Amino acid sequence: FPTDPDIRLTADRSALSFARADVWVPANRLAGEITYPSRQADPAHEFGLTGYQANIAPSDWSAMLDRHLSSMPLAERQVFVFVHGFNTPFSDGLYLNAQILNDYGVRTAAVHYAWPSAGQWPAYLYDRDSAQFARDGLVETLQRVSDSPAVSITILAHSMGSLVTMEALRQLSLEGRRDVLAKLDPVILASPDIDFDIFLNQLDALDPPPAHLAVLVSDRDRVLALSDSLRGGNRTRLGIGHQRDVLVERGIAVIDLTGLRDGTFLGHVDFATSETLMQLAASGALSQALNGEMGQSRES
């Protein structure tokens with residue numbers, strides 16, 4: 001494998017840059033599991049890079065995406081954009097993205113938006129500021145993806161990445177980029193670390209709002225509970241799910257992961273690791289829930 005990209009991208013905030021990464025996902029592992037590469041990576045058991053091209057000119061990156069999409073049947077020209085969350089170094093987010101694509105059987109073109117997380121638990125406030133800083137970069141990325149032959153764009157944003165995403169969508173709306181917003185379908189916020197009132201303010205600013213917006217919540221998410229405690233403990237983090245009735249009234253699909261039997265200890269990345277959700281995705285039930293066809297859903 002080539003050198004791990006963690007040494008290429010740091011937590012420093014800088015101008016938007018483009019790259020291409022080819023990620024190896026080992027077959028000999030449990031679904032939802034990520035084994036990060038060691039110094040002598042074992043392809044039989046560990047994730048790794050089979051190729052990495054950095055510092056691609058923006059126009060060349062767009063042309064690369066255009067060629068890839070143009071080679072696909074028209075109905076399949078979709079782009080999956082993943083926005084990682086808090087405490088996520090570059091390579092960790094990249095491997096998490098690959099794990100989700102592989103285990104959920106996503107076969108669309110994939111774009112990984114990496115914002116400058118410090119990758120450390122004590123650096124929560126640094127990451128919070130970085131999430132605000134990263135808004136404009138995601139705006140440009142979504143504009144480039146929208147200008148491609150893509151017929152639709154799926155956004156999956158995790159944790160604090162949901163703040164980056166909602167701020168970017170709000171900025172696109174303020175700039176009058178209805179063409180970009182109209183291509184976003186669905187927008188999925190997994191364990192979103194956003195204050196509920198701020199989220200509603202962001203949502204009300206969107207013109208048009210996403211045709212299908214889904215929020216994955218959990219009342220046993222320990223990371224969001226800690227985030228909530230830093231703000232007074234009023235249970236107002238969107239991903240905790242205490243305001244689910246208001247969301248449903250607004251036509252937002254709410255998928256409650258509180259009762260997942262195969263959830264993780266922290267409960268913050270269950271959306272990516274749960275075999276129950278993967279089975280629902282394979283059966284088509286998860287897609288129905290995300291599209292609001294089943295109303296409010298509670299998994300157990």
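**Exercise 1. Decide whether N97 is buried or exposed in this predicted model, and name the residues that surround it.**

Step 1: The relative accessibility of N97 is 3%, and since a residue under 20% relative accessible area is classed as buried, N97 counts as buried.

Step 2: As for its place in the fold, N97 belongs to helix α2.

Step 3: Leaving aside residues up to four places away in sequence, N97 touches F80, F82, V111 and H112.

**Exercise 2. Describe the aromatic pair formed by Y52 and F90, and work out which parts of the chain the pair ties together.**

Step 1: The structure holds six aromatic pairs, and one of them joins Y52 and F90, whose ring centres are 6.3 Å apart and whose planes make an angle of 65°.

Step 2: Because planes over 60 degrees apart count as edge-to-face, the pair of Y52 and F90 is edge-to-face.

Step 3: Y52 lies in strand β2 (residues 48-56), whereas F90 lies in helix α2 (residues 90-103), so the pair ties together parts that are 38 residues apart in sequence.

Step 4: Y52 is buried at 18% relative accessibility, and F90 is also buried, with a relative accessible area of 13%.

**Exercise 3. Carry out the analysis for F86 and Y124, giving the geometry of the pair and the place of each residue.**

Step 1: The rings of F86 and Y124 form an edge-to-face pair, with 5.2 Å from centre to centre and 65° between the planes.

Step 2: F86 is found in the loop between β3 (78-83) and α2, while Y124 is in helix α3 (residues 124-133), so this pair links parts that are 38 residues apart in sequence.

Step 3: F86 is buried, with a relative accessible area of 9%, and Y124 is buried with a relative accessible area of 9%.

**Exercise 4. Find which arginines have their charged end over an aromatic ring, using R13 and R222.**

Step 1: The charged end of R13 sits over the ring of Y126, at 4.0 Å from the ring centre.

Step 2: The charged end of R222 sits over the ring of F265, and here the distance from the centre is 4.1 Å.

**Exercise 5. Characterise how helix α5 and helix α7 pack.**

Step 1: Helix α5 (residues 161-174) and helix α7 (residues 196-204) pack at an angle of about 30°, and their axes are 9 Å apart.

Step 2: Since angles under 35 degrees count as roughly parallel, α5 and α7 are roughly parallel to each other.

Step 3: The crossing in which α5 passes α7 is left-handed, and the contact is made by L163, M166, E167 and R170 of α5 together with F199, N201, Q202 and L203 of α7.

Notes
Residues are numbered from 1 along each chain as its sequence is written. This is a predicted model: local features need pLDDT of at least 70, side-chain atom pairs count only at pLDDT 80 or more; totals for chains, interfaces and linings use all residues. Side-chain values use heavy atoms; hydrogens and water are left out. Rings of Phe, Tyr and Trp (its six-membered ring) pair if their centres lie within 6.5 Å; planes under 30 degrees apart count as stacked, over 60 as edge-to-face and the rest as tilted. Helices (H or I, at least four residues) and strands (E, at least two) are DSSP runs, numbered from the N terminus. Buried means under 20% relative accessible area, exposed over 50%, partly exposed in between (1.4 Å probe, protein chains only). A charge sits over a ring if NZ of Lys or CZ of Arg is within 6 Å of the ring centre and within 35 degrees of the ring normal. Contact means heavy atoms within 4.5 Å. Axes are lines fitted to C-alpha atoms, for helices over the stretch in contact, and angles run from 0 to 180 degrees between N-to-C directions. Angles under 35 degrees count as roughly parallel, over 145 as roughly antiparallel, 65 to 115 as roughly perpendicular and the rest as oblique. A crossing is left-handed if the near helix is turned anticlockwise from the far one by less than a right angle, and right-handed if clockwise.
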